[in-house]
Amino acid sequence: MPGYRAHLSAGLIMWLAIWYLTVALLYQPTWLDLSCGLLLSLIGSIFPDIDIRSKMQRLFYLASILIIPVALLSQAWQFFFCFAAFAFLVAIIRHRTITHQSWFLVLMPGFFSLYLGYFNQNSFNHIISFYLFFVAGALSHVFLDKSITKIKRITKRPRRY
């Protein structure tokens with residue numbers, strides 16, 4: 001399968017596509033919105049590999065060192081339990097099971113976006129565009145993995161002469 005650099009490149013391409021769609025359909029984003037979108041698209045492009053030793057898993061555990069104490073100190077119990085449940089899920093799942101399923105990559109951030117949108121209704125357009133950036137990056141990962149797998153199968157078939 002392609003390495004993380006190829007996935008990040010695909011995430012960059014998806015960021016450009018979603019940037020164009022966001023400007024055309026939703027609103028005129030600021031540079032801060034586009035920067036956050038780029039970050040989310042790049043994270044989304046390597047997110048499916050969170051279930052193996054990878055750049056994404058290392059990034060996730062480093063972020064956990066900051067997120068868990070902040071959630072505990074601010075008494076954000078719902079966020080803490082959701083994050084802890086997700087961290088537990090990441091620790092027990094096998095590679096290419098749930099994190100490489102398109103429905104999971106669409107629904108998981110969708111529920112999170114709806115949750116954020118419920119409490120921040122004034123920022124709903126921003127939340128939707130951030131959701132699109134992340135999902136596009138994540139789906140580009142799955143697309144690249146499946147395409148490379150098909151190409152390998154085609155090229156490995158024995159030739160009959």
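Trainee: How do α2 and α6 run relative to each other, parallel or antiparallel?

Mentor: Keep in mind that this is a predicted model. The axes of α2 and α6 cross at roughly 30°, and an angle under 35 degrees counts as roughly parallel, so α2 and α6 are roughly parallel to each other. Their axes come within 6 Å, and α2 passes α6 in a right-handed crossing.

Trainee: Which residues make that contact of α2 and α6?

Mentor: On the α2 side you have Asp33, Cys36, Gly37, Leu40, Ser41, Ile43, Gly44, Ser45 and Ile46. From α6 come His126, Phe130, Phe133, Phe134, Gly137, Ala138, Ser140 and His141.

Trainee: And how many of the residues in the contact of α2 with α6 are nonpolar, polar or charged?

Mentor: Eight are nonpolar, eight are polar and one is charged.

Trainee: Which residues in α1 meet α2?

Mentor: Tyr4, His7, Leu8, Gly11, Leu12, Met14, Trp15 and Trp19 in α1 do. Their partners in α2 are Leu34, Gly37, Leu38, Ser41, Leu42, Ser45 and Ile46. By class, this contact of α1 with α2 has 10 nonpolar, five polar and no charged residues.

Trainee: What about α5 and α6, how do they cross?

Mentor: Helix α5 (residues 102-119) and helix α6 (residues 124-156) have axes that come within 10 Å and cross at roughly 165°. They are therefore roughly antiparallel to each other, and α5 passes α6 in a right-handed crossing. The α5 residues in the contact are Ser102, Leu105, Val106, Met108, Pro109, Gly110, Ser113, Leu116 and Gly117. Those of α6 are Phe124, Ile127, Tyr131, Phe134, Val135, Ala138, Leu139 and Val142. In this contact of α5 with α6, 13 residues are nonpolar, four are polar and none is charged.

Trainee: Changing topic: how much space lies in the largest pocket?

Mentor: About 1100 Å³. The largest pocket is lined by 29 residues, and those nearest its centre are Leu40, Phe79, Met108, Phe112 and Phe134.

Trainee: Which helices supply its lining?

Mentor: α2, α3 (55-73), α4 (77-92), α5 and α6 each supply at least two residues of the lining of the largest pocket. The largest share comes from α5, with eight residues.

Trainee: How do the lining residues of the largest pocket divide by class?

Mentor: They come to 27 nonpolar, two polar and no charged residues.

Trainee: And what volume does the second largest pocket have?

Mentor: The second largest pocket has a volume of about 180 Å³. Its lining consists of Arg96, His100, Gln101, Val142, Asp145, Lys146, Thr149, Lys150 and Arg153.

Trainee: How many of the residues lining the second largest pocket are charged?

Mentor: Five are charged, three are polar and one is nonpolar. Compare that with the lining of the largest pocket, where no residue is charged.

Methods. Residues numbered from 1 in each chain as written. Predicted model: local features only at pLDDT ≥ 70, side-chain atom pairs only at ≥ 80, totals over all residues. Heavy atoms only, no water. Axes fitted to C-alpha atoms, helices over the stretch in contact; angles between N-to-C directions. Helix = DSSP H or I, 4+ residues; strand = E, 2+ residues; numbered from the N terminus. Parallel < 35°, antiparallel > 145°, perpendicular 65-115°, else oblique. Left-handed = near helix turned anticlockwise from the far one by under 90°. Contact = heavy atoms within 4.5 Å. Nonpolar A, V, L, I, M, F, W, Y, C, P; charged D, E, K, R; others polar. 1 Å grid on protein atoms, 1.4 Å probe; cavity = no way out; pocket = protein on both sides within 12 Å on 5 of 7 lines; lining within 4 Å. Points joined across faces, edges and corners; volume = space filled by probe spheres on them.
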